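Subject: Handover of a structure

Dear colleague,

I am passing the structure below to you, together with an account of what was found in it. Please read the account with the structure open beside it.

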Amino acid sequence: MNNNNKNITPCHVDVSSETGRLRAVLLHRPGAEIERMTPLNAAEALYSDILNKPIVDSEYHYFSGVLNKWTDVYYVEDILESLLQEPAVRQHLVGESCRMDGCTQLVPQLMDLDPKQLATILIQGYENPRWDAQNADDRYLLKPLYNLFFTRDASSTVYDRVLINSMSFKVRERETLIYEAIFKDFFKVDLLNAQAHDPQARTEGGDVQIAAPDLLCIGQGIRTNAKGIRYLAETFAKDHPHFHILAQELPMSPESFIHLDMVFTFLGKHQCMAFEPMLNKTGLFAGKATTLITVDNGKITYTEVPNIVKGLERLGWDIEPVTGGGSDPWNQLREQWHSGCNFFSLGDGKVIGYRRNSHTIDALDRAGFAVLNAEDIVDGKVDMNNYDKFVAAFPGSELPRAGGGARCMTMPILRD
């Protein structure tokens, strides 16, 4: 049921909800790029710590293994290798990558590499042959894409198009080149880009949730700004006589609140996972606005609502929040830090997330979700199809230290 072979065939691209039955997803296996940082440059790479790759590999094996049991899985590196056989794509990706990282002298050398070697270098970086061991900053002329395994952020399937996101930090800007090529040249889908509309507009996929064919939920904070949200409202106003965006303002720090999906995700049609201080507007969320943006025959209006759940109810949704971290405020903060609210839906009432967030998993258990171990699923001891509602809990001790969870590491391409 997966696309691990090199003879990959593109599927149709369409995602009109967060919880429709998942049919295809895009992943990237964490590679050597995640080891190419030190404590000196980890913060620049947007990491709060450096990772132990053998443990990352084991954890990712069970995460991706669950998805391979459920849906068609595409891998970034496989598609990229295939695309690099095309001269025009190769020239564009090499030229633009080197231009953005200030190493255009490498273009002739990189153009001579075979597609597999070149795909590896575009992701993992190119080492400076004159590197001075006393200077950590110049070891790689072409910088490693440390965050590429968070496939959610640089591109987002929004209905039958793909939003190429305008990244807020330079270290992630080159990721968009790869995703633009993947979706334009492999999947051959129409693209959206907020920055092409307004150079100051910013969007990232962790902030964009496709609640329904006429409703987006979007976070506004350090990664996605008001101009990016305005672009999406104006874009979909052209296609829909009636359209809504629920925008949730996020704290600008600490880094665990970078995206909406760190405090709110959909578990099914009638349940969501939520960080309680966001709903109650307490702590870091005191004074953070929740705004209902309504498009009515081209006219855009803004109305403040109490919180995102109340906003959904106002639009006719019957939805029950499950509290990330359980009922204790101390545990809520601890588990939110390690992506306790960051669940990814495989279908209505069928989700995957970190097992380490035990209080959150217990809350899901009490809410009627069968708790399944990812190891048992991957080993064939448990069949997810036998359960109406479940959470596939996979091990996470190193992966969460990179700053994201199951939703961050998945880019859905097709849902029912």
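Met-167 counts as buried, at 5% relative accessibility; buried means under 20% relative accessible area, exposed over 50% and partly exposed in between, with a 1.4 Å probe and protein chains only. Met-167 sits in the loop between S6 and H7, where helices (H or I, at least four residues) and strands (E, at least two) are DSSP runs numbered from the N terminus. The C-alpha atoms of Met-167 and Ala-154 are 6.8 Å apart, although 13 residues separate the two along the chain. Contact is taken as heavy atoms within 4.5 Å. Leaving aside neighbours within four places in sequence, Met-167 is in contact with Asp-153, Ala-154, Arg-172, Glu-173, Thr-176, Arg-202, Thr-203 and Glu-204.

Residues are numbered from 1 along each chain as its sequence is written, and side-chain values use heavy atoms, with hydrogens and water left out.

The predictor's confidence in each residue is given as pLDDT, from 0 to 100. The protein chain averages 94, and 98% of the residues score at least 70. Over residues 1-5 pLDDT stays under 50, and the model has 19 contacts beyond four places in sequence for them. Where pLDDT is low, the predicted coordinates should not be read in detail.

I turn next to the interior. A nonpolar core is a set of buried Ala, Val, Leu, Ile, Met, Phe, Trp, Tyr and Cys residues joined through side-chain atoms within 4.5 Å. The largest such core has 46 residues, and Leu-110 and Phe-187 have the most contacts inside it. Among the elements that each supply at least two residues of this core are S1, helix H2 (76-83), helix H3 (87-100) and strand S20 (411-415). The most comes from H7, with seven residues. Beyond its neighbours within four places in sequence, Phe-187 is in contact with Pro-10, Cys-11, Val-13, Tyr-74, Ile-79, Ile-182 and Ile-413. A second, separate core of 41 residues includes Ile-258, Val-378, Phe-394 and Ala-406.

Helix H5 also deserves a description. Its buried residues are Leu-118, Ala-119, Ile-121, Leu-122, Ile-123 and Gln-124, and they pack against H2, H3, H4, strand S3 (126-127), strand S4 (140-142) and H7. Asp-114 caps the N-terminal end of H5, with a side-chain oxygen 3.0 Å from the backbone nitrogen of Lys-116. Gly-125 follows H5 and has a positive phi, near 100 degrees.

Glu-398 lies in the loop between S19 and S20 and is buried, with a relative accessible area of 10%. The side chain of Glu-398 reaches the backbone nitrogen of Asn-52 at 2.8 Å. Apart from neighbours within four places in sequence, Glu-398 is in contact with residues including Ile-50, Leu-51, Val-56 and Glu-59.

Finally, a search of the whole structure finds zero disulfides, a disulfide being a pair of cysteine sulfur atoms within 2.5 Å. The sulfur of Cys-98 is 4.1 Å from the closest cysteine sulfur, in Cys-103, which is too far for a bond. Cys-98 is buried, at 0% relative accessibility.

With kind regards

Notes:
Predicted model: local features only at pLDDT ≥ 70, side-chain atom pairs only at ≥ 80, totals over all residues. Polar contact = N/O pair within 3.5 Å; in protein donor to acceptor, adjacent residues only side chain to side chain.
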